[in-house]
Amino acid sequence: MIGKPLVSIIIPTYKRSQFITQSIDSVLNQTYSNIEILIIDDNGTGTNSQIKTKLVLDKYLEGENCKYIEHTINSGVCAARNTGFGHIKGDFVAFLDDDDIWDAMKLEKQIARFAESSPEIGMLYTGVVVLDEVENKTYKLHPRLSGNILNDLLFMNHIGTLSSVLVRREAIESGIRFDNSLKARNDLDFYIEISKRFQVDFVDEFLVTKHDHVEETISRNMTKKLEAWTLFYEKHRNLYEQNIEADIQYKIGFGHLNMLCGKYKKGLKYFTAAFLQAPLKLRNLKYLISSLFGVNIYNALAKLSRLS
C-alpha cells in the first residue's frame, strides 16, 4: 500500500436529522484525513424530513470532501448504499449509519491493519459498543473471527453493524451489492457475499458506538422478522444444505418464530425437520416436545425457560 489511500464513506440517511450531525462530526474528527463523505438522502425530494435533513447538512456541504446525493423517493437503505457505490472514488469503502459514532482512530487503525494484510483480506471489522434504548442497557460486541468465515456467518452475524466495516474497493468492483428485497439481514447477506470471495479480519478494539432506538422495531417485530428470515434462507439455501449444523439451527429459528407468530403447523413442521436431521441432539428434542402442546403452552414455556 503506497501513501495514504482514499477512503469513501457512505452515510445513508432517513428521518434522522436530529442524529446525523454527530455521526458526520465523528468522521470529520478522524485522525485519518484522506476521506470523502457520500451522504445519501433517502427521505424523498420535498418531504419534511428531506428539508430538515438538508438544513442541518448545509454547513458540511461547503467542504470539498462532502457530497450530498438525493433520492427523489424513499427507496430503502440498501438502495441508498448501492447509490453510494456509484459515486465512490476511494480505494476503500466504509459505511456509517446516520446515528452511529466512530472513535477518532477508527479509520487510521483499520488502514494500518490493511497495510500489513495480504490482498486476500477483503474486509475488516471492529468491536462495537451498543447502546440499546429499548432494553435500556449497554453491551459490547467483541470481534472474534477472521480468515474464511463463510460457514460461521451461516449460524449468526458475527460481524455486527456495517458501521464497523471497511471494505476493499475490489470487493465492490466484483459486483457485490446490497439486496433491496431483504428488509432485514441485508447486512449479513452482504458479509456472506464478501466472504464467498475474500477473507475477513478485524481490529480488536471497540471503535464504533451503535445506537438502537425505540423506533427500530423490525428485528423485534416477529412477523417481519419471519418474512426476512424466509427470504434470506431461500437466497442462501444451497449454502445451508451444505452445512447441516447451520441448517438445523436455522430450522429451529424458523420453528420458534412461527410459534411466536401463532403459526402452529409451520412451527411444528420446522421443529420436526430439525429433529429428524439430528434426533440424538437434546436441544432438537426439547423444541419438538415443547411445540406439541400448542402455541400458547409453547410461548409460555419459551418465556419461562428462555427457549429463544
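This is a predicted model: local features need pLDDT of at least 70, side-chain atom pairs count only at pLDDT 80 or more; totals for chains, interfaces and linings use all residues.
Me: Why are helices α11 and α12 called roughly antiparallel?

Reply: Helix α11, residues 264-277, and helix α12, residues 282-291, pack at an angle of about 155°, and because angles over 145 degrees count as roughly antiparallel, the two helices are therefore roughly antiparallel to each other. Their axes lie 9 Å apart, and α11 passes α12 in a left-handed crossing. On the α11 side the contact is made by Tyr264, Leu268, Phe271, Thr272, Ala274 and Phe275, and on the α12 side by Asn284, Leu285, Tyr287, Leu288 and Ser291.

Me: What kinds of residue make up the contact of α11 with α12?

Reply: The residues of this contact divide into 8 nonpolar and 3 polar, with no charged residue among them.

Me: How do you know that α8 is roughly antiparallel to α10?

Reply: The axes of helix α8, residues 222-235, and α10 cross at roughly 150° and come within 9 Å; since the class of roughly antiparallel takes angles over 145 degrees, the crossing angle makes α8 roughly antiparallel to α10. The crossing of these two helices is left-handed. Met222, Lys225, Leu226, Trp229, Thr230, Phe232 and Tyr233 of α8 meet Asp247, Tyr250, Lys251, Gly253, Phe254, Leu257, Asn258 and Leu260 of α10 in the contact, which by class has 9 nonpolar, 3 polar and 3 charged residues.

Me: What makes phenylalanine 254 and tyrosine 270 a ring pair, and why is the pair called stacked?

Reply: Rings pair if their centres lie within 6.5 Å, and planes under 30 degrees apart count as stacked; the centres of these two rings are 4.9 Å apart and their planes stand at 25°, so the pair is stacked. Phenylalanine 254 lies in helix α10, residues 244-260, and tyrosine 270 in helix α11, so the pair ties together parts that are 16 residues apart in sequence. Ring pairs also link Trp229, Phe232, Tyr233, Tyr240, Tyr250, Phe254 and Tyr270 into a cluster.

Me: Why is phenylalanine 254 counted as buried, and why is tyrosine 270 described as partly exposed?

Reply: Buried means under 20% relative accessible area and exposed means over 50%, with partly exposed in between. Phenylalanine 254, at 3% relative accessibility, therefore counts as buried, whereas tyrosine 270, with a relative accessible area of 21%, is partly exposed.

Me: What makes the pair of phenylalanine 271 and tyrosine 298 tilted?

Reply: The ring centres are 5.6 Å apart and the planes are at 35°; because planes under 30 degrees apart count as stacked and those over 60 as edge-to-face, with the rest as tilted, this pair is tilted. The pair links distant parts of the chain, with phenylalanine 271 in helix α11 and tyrosine 298 in helix α13, residues 295-305, 27 residues apart. Phenylalanine 271 counts as buried at 0% relative accessibility, and tyrosine 298 counts as buried at 0% relative accessibility.

Me: How do you know that isoleucine 20 is buried, and what does isoleucine 20 touch?

Reply: Its relative accessible area is 0%, and since buried means under 20%, isoleucine 20 is buried. Isoleucine 20 lies in helix α1, residues 20-28, and, leaving aside residues up to four places away in sequence, touches Ile11, Thr13, Ile39, Val56, Leu57 and Asp98. The C-alpha atoms of isoleucine 20 and aspartate 99 are separated by 5.6 Å, although the two residues are 79 residues apart along the chain.

Me: Why is isoleucine 88 called buried, and where does isoleucine 88 lie?

Reply: Isoleucine 88 has a relative accessible area of 10%, and because the cut-off for buried is under 20%, isoleucine 88 is buried. Isoleucine 88 lies in the loop between α3 (77-85) and β4 (92-95). Not counting residues up to four places away in sequence, isoleucine 88 touches Ser8, Ile10, Glu36, Leu38, Val93, Arg169 and Ile172.

Me: What sets the phi of lysine 15 and of arginine 185 apart?

Reply: Most residues other than glycine have a negative phi. Lysine 15, in the loop between β1 (7-13) and α1, has a phi near 55°, a positive value in a residue other than glycine. Arginine 185, in the loop between α6 (169-173) and α7 (186-197), has a positive phi of about 65° although it is not a glycine.

Conventions:
Residues are numbered from 1 along each chain as its sequence is written. Side-chain values use heavy atoms; hydrogens and water are left out. Axes are lines fitted to C-alpha atoms, for helices over the stretch in contact, and angles run from 0 to 180 degrees between N-to-C directions. Helices (H or I, at least four residues) and strands (E, at least two) are DSSP runs, numbered from the N terminus. Angles under 35 degrees count as roughly parallel, over 145 as roughly antiparallel, 65 to 115 as roughly perpendicular and the rest as oblique. A crossing is left-handed if the near helix is turned anticlockwise from the far one by less than a right angle, and right-handed if clockwise. Contact means heavy atoms within 4.5 Å. Ala, Val, Leu, Ile, Met, Phe, Trp, Tyr, Cys and Pro count as nonpolar, Asp, Glu, Lys and Arg as charged, and the others, Gly among them, as polar. Rings of Phe, Tyr and Trp (its six-membered ring) pair if their centres lie within 6.5 Å; planes under 30 degrees apart count as stacked, over 60 as edge-to-face and the rest as tilted. Buried means under 20% relative accessible area, exposed over 50%, partly exposed in between (1.4 Å probe, protein chains only).
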